[in-house]
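Work through the exercises below with the sequence and the model in view. Try each task before reading its solution.

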Amino acid sequence: MFTSTGSNGFYKAPLSKSLLLVPSAISILLTLLFQHYQKFFAYNLQAVKEDFQIWRLVCGRTICLDLKDTFCSSLLIYNFRIFERRYGSRKFSSFLLGAWMLSALFDLLLVEITQYIFGITINSLPSGFLGPVFALFVPFYSSIPRVQVTQVLGHFSITNKSLVYILGLQLLTSGSYIWILALSGLISGICYNSSILKVHRILCVPRWVAKIFSWTLEPVFSSAEPTNEVRVGMGATVDIQRQQRMELLDRQIMMSQVAQMRRQRQQQGGMINWNRLFPPLRHRQNANYQDHPSEQGIPPPTEVSEEQVARLMEMGFSRGDALEALRASNNDLNVATNFLLQH
C-alpha cells in the first residue's frame, strides 16, 4: 500500500510528513547543538508526580532524545502513512491524539503496577512520540493484508509486513523500559479502536481545529501527486528498486482484495456491481445514463449513510464519487474506500 518513495510518498499524508520531519529535526538539533536543553524534553515521571511538572508529559512524549529511537520511529511513521491516506487527516490525527492521551495514562499505571509487583522504581522513561507509534500497530495488524513474499530456509515466511515488525522489534529493544511505552501504546490502540468503549467519539479532533490546520500546515507539508508509472533511473540503488517493486505489489494486493470482495458479494447475492460503478467515476461528465435502457432485475438504489459519505469526503473524495462508491458497494465503507483509492 505504499505508493511511492521520496517526497511523493507523502501524497495526501501531510500530517505524517510533519510528524516525521519536525520531531526528527528537533531531535538532531538537541543531540548535536543544544545538549543543555535536553533536560526540558526528558520524560521524568518523578518530576511529574512529585513536582507536578505536567508540561513534561507534553515535551517528554513528543521529541526523542535518542537518535536510534528517532530513526526507527520515523521509519515506522513513514510506513504507517497509509492510514492517513485511507481515513483522512482528521481521523488519523484523532487516532494519534487519543492514543497519545491514553498511553500517557497507561504509562503511569504500568509504572505503578511494576513498582507494586516487582518492587522496581522507575523515575523516567524514554522520550519521544513512541506511544502513538506503537498504537498504530493495532490497525496495521488488523486491517493490512499479509501476503507472503518469499521463504527463508523453506519454513520461515517473509511477508510484506515483516520489515515493519522488525522495525518495531528494534525500537522495542532499544531501551530498558521502552517495553512500558510499547505496552501502553498497544493497549491505547486497542481501546481507541474498540467499538464497545466508543473512545473515538470522545477523543477526537474537532472539525474547526482540523480546518485551521488544513489551512495553515497542509500547504507547507503537502506533497505532489505521484505519477501512475514509477520509473527507476540507471543510478538507482537496489534497495530503492526493491522498495518500488514492493509498492507495486501492494497496489496489486489492494486490487485483488476488491476483486475477492466482489466475488464474495456476488456469490452471496449482494448488490455490488462494479460495472455500474466504473462509468460514473471515470467518465462522469461524458456519461448519459438516461440514454441507456434500464436493465431488468437490478434492485433499487441502496440508501446511503450520510455518516459514511462524510467520512469519505474527509479523505478528500468528492460527494458524488462517495455516493456512487457506497451505492455500488452496498454501503460497505471498506470496499468503497479501497476502490476510490485506486481510481
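**Exercise 1.** Is Lys198 buried, partly exposed or exposed?

*Solution.* The relative accessibility of Lys198 is 32%. Buried means under 20% relative accessible area, exposed over 50%, and partly exposed in between (1.4 Å probe, protein chains only). Lys198 therefore counts as partly exposed. Now place Lys198: it sits in the loop between helix 10 (178-193) and helix 11 (207-216). Helices here are DSSP runs (H or I, at least four residues), numbered from the N terminus. Last, check the backbone: phi of Lys198 is near 60 degrees, a positive value in a residue other than glycine.

This is a predicted model: local features need pLDDT of at least 70, side-chain atom pairs count only at pLDDT 80 or more, and totals for chains, interfaces and linings use all residues. Residues are numbered from 1 along each chain as its sequence is written, and side-chain values use heavy atoms, with hydrogens and water left out.

**Exercise 2.** Where is Phe52 found?

*Solution.* Look in the loop between helix 2 (45-50) and helix 3 (56-59). Phe52 is not a glycine, yet its phi is positive, about 55 degrees. Its relative accessibility is 65%, so Phe52 counts as exposed.

**Exercise 3.** At what angle do helix 4 and helix 9 pack?

*Solution.* Take helix 4 (residues 67-79) and helix 9 (residues 162-172): the angle is about 150 degrees, and the axes are 9 Å apart. Axes are lines fitted to C-alpha atoms, for helices over the stretch in contact, and angles run from 0 to 180 degrees between N-to-C directions. Angles over 145 degrees count as roughly antiparallel. Helix 4 and helix 9 are therefore roughly antiparallel to each other.

Notes:
Helix = DSSP H or I, 4+ residues; strand = E, 2+ residues; numbered from the N terminus. Parallel < 35°, antiparallel > 145°, perpendicular 65-115°, else oblique.
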